[in-house]
Amino acid sequence: MSQETKRIGRRTFINYASAIIATGVIVGTATYFAAPKGEVTVTAPGTTVTKTVTTTLTEKPTVTPTTTTPILKGDLEFWHSYTQTVRIDAIKEIINKFTSQHPDVKIEQVVIPWGQAFEKWLTSWKTGTGPDVQSGTVSVFYGMQRLGAATPIDDVFKSLNPSNFPTAFIDGLTINGQIWALPIYSVGHQLIYRRDWIDEPPKTWDDLYEIAKKNTDKPNKYGWAMALNETAGLNQLHLWMRMNGGEWFDKDGNINFNTKQNIEAVKHMMRLFWDCSPEGLMTKGTAYRAELTKGYIAMTTEAMGWFITDCATAGITDKEILEKWMCAWPPIGPSGDKKDARTWGDYKEICIGAKRPYQDTAKEFLKFFYQDENYVSFINSMPLGMIPCTYSGQQLALKHPKYEYFKEYVPIILDTTNTSDEYGIEHGYNPYCAIVQTGYVEEMLQKIALKELSVEDGVAKIDAKLREMLEEEKKKQ
Amino acid sequence: MANKLFKHYAYKIMIYFLVIVILLYMVGPFVYMIFASLYDKRSFWTWPPKWPDEITISAYDWIFKYTNFTTYYINSLLVAFVSMIINLFISSLAGYGLARFKWRLNDLIMKIIIFTYIFPFFGLIIPIFRLFYNLGLYDSLFGLSILYAIFNMPFNIIILSGFFQMFPKEIEEAAKVDGASNIMTFLKIVMPNIVPGIITAALFHYIWCWGEYYFAAILISKDALRTLPPALYSLMRGETVFYRELLAAASMVAFPALIITLLTQKFLIKGLTAGAIKG
Amino acid sequence: MKKIASDTKSALFFILPAIICLAFIYFFPIFLCFYQSLTDESLLRETSNFIGLNNYFRLLNDADFYRAINNTIIWAFTSSFLQALIGLGIALILNQEFKGRTVSRVLVILPWTTPIIVICVLWAWLFAHPAGIINYLLVASGVIGQSIPWLASKSYSLWITCFVWTWSSTPLFVIAVLGALQSVPPSLYDAAKVDGANAFQIFRSIVLPHILPVFSVMFTLRLIASFNHFSTIFFLTEGGPAGSSETMPIFIFRRFWKEYDLGYAAAASITNMALMYIIWSSYSFLRGKLLGE
C-alpha cells in the first residue's frame, strides 16, 4: 500500500495539500474581513440629525434617518439581568402596554444572569451587535460609554421633567455635559440580624464580632454569613471600608487602597469569616443570601428588600419575617466618622445602545418607561428592594401596602440607601471604576481567607494590581 | 454438596450486594434529586434538613408557569436532532473516505482532525461568533444546529472511520465488480451494515448537544430560542436562587436521556466496542 | 496507477465536505487564534498591535500558568484512571448473571446521558457547606467532627470536581467494557473452568486480552476529553477558591472573560494545544509499544 501511494507525483500532492489549506484560509479570511466595519456616522452640517449607516455582509445597507414621525417601528432588544420573575413580569407588562400603542414595534426582553452579563455584552459590542436598551450597573455603563457603545440621551431627559430627578444621580450620569443614561433604581445594604436571637444591634466592630461569636455553634448555627466570590465579596469589603472612612480611588482618580482604614476593614472581615461564617460560602456569589432563609445565620449585611423577595421563594410568610428579622445601620469602624460613613449601594442605570438602527423607538420606549405609572409598577414589583430615582416615583411607590406592613424597616432602608455608594465612584464619575470588578480583588480576598497571604500583603497586592490596571486602561484611550 | 450450594448462594448474595452498591452510587443521587424536588418550599429551605411536611409538585408548576420551559425543551430537541442529521451525513462520508481509500493525505487529515479535537475551544469563540453573525446565523436555532454539527465532527469522524475499517472490504469489492459506483456502494452496501455504529455516533452527538452550554449561551440571546443548559444556568446563577425549582427542572431534563438509552442500549454496547477498537 | 488516481478522486469526494465544514469552525479560527496570540488584542479595544512572542514569554513567567498546567495534568490523569478502574469494576459485576441485569445496565448509563449542568446542580447542592446533605450525614454519623467546605477549600475543591467528572463519565467505560466482554466466546470460559483456572487467572488470560484494545482507546479519548474539560469546574467552583481548582481551560477562560486579554488567552490556547499534542503522541507511542500495534 505504502509503495503504491508513494507513486503519487509530488506535484499532485502539493496541489491537493495547498487546495485544502487555501480553502480553509481563504473562505475564513474572506468572511472575517467582510465583517461589519462598524458604524459610519454622518452628521449633516448645521443640523443635529444623525444618520446611521450600518453595513453587514448579508443585509443591504440600511439608512435610518432620525425624524420625529409619530409612527414607530422596529424590533428592539432590552437587555437586563433582573432574573427574578416578579421583575421580568413587570417589565413584560410595560412592554405590552407600549407595543399595544405602537403595533409596529416589537420589544424582546433578554435576561442575562450577572455572571454572563459583561461577557455577553462585550462579545456583542466587539462584533457590532448589541442591545437597543440596556440596564445594568453604573460601573459597567461607564465602561460601555468609554468604549462608545452608548448614546447620549439629553432629549429624553429634557422631555422627562429634569427637576424630577435628584441631582446626585444625574451628576453621576452626566459625562462631558451630556446625559448618557437614566438612573433606574438604587438600594443600600443594611445590617440584617435575627431579632429573636440578638436583643440590640451592635454599635462597634468589636461588639459585632462578640455577638457573632456568641451566636456561632458550628455546624448548626453561624453568627455571620460572608460570600467571597463574584461581587458579593466586593460588596461587603466596600461596605466595611466605607464605614471605616476608606476608599478605592482618591478625589483625583488615583488608586488609594493601601491605607490603614482599608487594612482594618479587611482584618475585620477576615475575623468574622474565620470564626463566625460558614467557609462553604467562600465560592458563592450574591446567591448566598438564600442561605439566610434557612434560618441558621444570625447576622449579615444585605439589602432587606431583596431578602424579603427571597423569603417568598423559600415560603416564609411576611409575618414570620417581621418576627424573626430586623435591620439596622452597620456599625462604624474604629477609624470611621459617622458623617462620612457609607454603606454599599446597588445603583442601576438604563441606557440606549449605540450602533443600533432603531434608536428613536428605543428613546420613545424609555420615555414611556419613565411615566410614573409604568415606572412605579416596575419598582414595586419588588417592594422595599428598589428605591425609585425620581421624586414623583418615590411618593407613589411608598404607598404600596408592603411599605406600610414593614414600616419598621422603611426608615433604615431609605436612610442607608441615601448614604450609600458603589466601588470606584465614591467621588462621582470615574470612567475606570470597572477595574475593581475584574475578579482580582475577590481572588486576593479568598487567598487571605485561606491564609495564603497576610492581610497587609493582600491589601498591598490589590493596591499594586489596581494601579497597574489603571495605567493599562489609561493607555488604551 | 452443601459446600457447593453454600458457595453458590454466597456468590449470589455478594453479586446482589455489589449491584445495590453500584446502583446507589450511580443512581442514588438522581433519586434523591427527584425526592427533593417534591418538597414543599418551607421544608426545603430549612437547616438542619428534615422530612417534608407535604409532598407537592408545586416546584414543577412553578417551572412551567414562570419559565418557557416547554420552549427550551423543544428547542433543545430540535437543535440536537437537526445537527445530528447534518453531522452524521457529513462525518460518515468523511469517515468512509478516510477508512477506505488509499489517499496519501489521509494520514495527514486524520492528524489534523485529532488536532482540532484537542484544541481548547475558547480560542475559537470570537472568530466563530463573528462568522456566525456575518452569515446571519446569530440568534438562530439553525445556526446553532450547524455549529453543533460541525463542532462535534472530529469526534464522530474518528468513531465512524473505525467502523468503516471494520467492515469487510471484500463485500464492497464484490459490489464494485458488479458495476456499482463508489457512492452507490457506500449507500446501498456499507451504510445498512454499520447501523450500530451510526446509532452510537448519533447517541454521542445527541448527548453532547443536549448538554452543551457555552455556545448556546454566546450565540443565542432571545428567550424564545434558548436551549435548556443556559436556561438552567440562569436559574442557578440568578439574583435569587430557585434551587428547589432548579432541581425539578433538572429532573425533567435528565429524563429523556433515560428513554433514549433504554431504546438504544443494545446497539450502544455493540457499537461503541466495534467503533472503538480501530478508532 | 489508474486505481490510485481514482482512489484519490473518490477520497476527495467523500472527505471534502467535512474539510470545508471544519475549515469554517476549526482551521480558520485556529489560524486566527494563532495570529491573535502574537498581538495584544483585547476585548476592550478595537485596534491591536503586533507584539511578537511577548505573550508567550509572559506565559512562561506566570506562576498561575504553571499551577494550571499542574492541576490539569493531575485532574485529567486521576479522573481518567478512576473512570477506567471504576468502569471496569462495574462492568465486570454487571456482566454476571442476576435478575434485573438489563435494567441495571440502563440505569448505570444515566449519569453520562444527563447534561453536565444538571449533574453540577445536583452535586453542588449535595456538597454544599454547611447546609448540604453529605456534610449532614457525615457529621451525624460521626465520620467527621466538623463539616467540611468541600467546594470552598484549597485541599478538596480540585478533587471534588474531579470526582464529579469521574462519576458522570464512568458509564462510558462500563458500556465499552460490557461490549467487549460480550465478544468473549463462552466456550473459552468453559475450557478454562475445565482446566481448573481460578477467577483471577480467567480474568488475566481471557478477559483482559479481549477488553484491552477497547479499553486503551477509550482511555485515550477520555484523557483528551478530560484535558479539555471545562464545564464541571466552571459550574462547581469556577476555578476557586483562590485558583486552587483552576485547570488550563479555566485559566484560558479567566484570561479571556475576566481580563479580556484575547492575545494572552490565545497564546495560552496554543500552548495548551501543543502540550496536549505532546502528551497525546507520547501516550499513543507508549500504547503502540505496549499493545504491539
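B:Ile220 is buried, as 22 other C-beta atoms lie within 10 Å of its own (buried takes 20 or more such atoms, exposed 12 or fewer, partly exposed is in between, and C-beta atoms are placed from the backbone). The model is predicted, so local features need pLDDT of at least 70 and side-chain atom pairs count only at pLDDT 80 or more, while totals for chains, interfaces and linings use all residues. Residues are numbered from 1 along each chain as its sequence is written, and chains are lettered from A and ligands numbered from 1 in the order in which they are written.

Back to B:Ile220: it sits in the loop between helix H12 (214–219) and helix H13 (228–236) of chain B (helices, H or I with at least four residues, and strands, E with at least two, are DSSP runs numbered from the N terminus). Setting aside neighbours within four places in sequence, B:Ile220 is in contact with B:Asp139, B:Leu144, B:Leu225, B:Arg226 and B:Thr227 (contact puts the C-beta atoms, placed from the backbone, within 7 Å). From B:Ile220 to B:Tyr243 it is 23 residues in sequence and 24 Å in space, C-alpha to C-alpha.

Also in chain B, helix H8 (residues 153–166) has 14 residues and spans 20 Å from first C-alpha to last, close to the 20 Å expected at 1.5 Å a residue (the expected span is 1.5 Å times one less than the number of residues). Of the 14 residues of H8(B), 11 are buried, so this helix is largely enclosed by the rest of the structure. Among them are B:Met153, B:Pro154, B:Phe163 and B:Phe164.

Chain B also meets chain C: 71 residues of chain C are in contact with 72 residues of chain B. On the chain C side, helix H1 (residues 2–36) gives the most, with 18 residues. That side has 56 nonpolar, 13 polar and two charged residues (Ala, Val, Leu, Ile, Met, Phe, Trp, Tyr, Cys and Pro count as nonpolar, Asp, Glu, Lys and Arg as charged, and the others, Gly among them, as polar).

Now for chain A. Its 477 residues are 50% buried, and the chain has 20 helices and 16 strands. Of the contacts in chain A between residues at least 6 apart in sequence, 76% join residues at least 24 apart.

Technical notes. Two residues are in contact if their C-beta atoms, placed from the backbone, lie within 7 Å.
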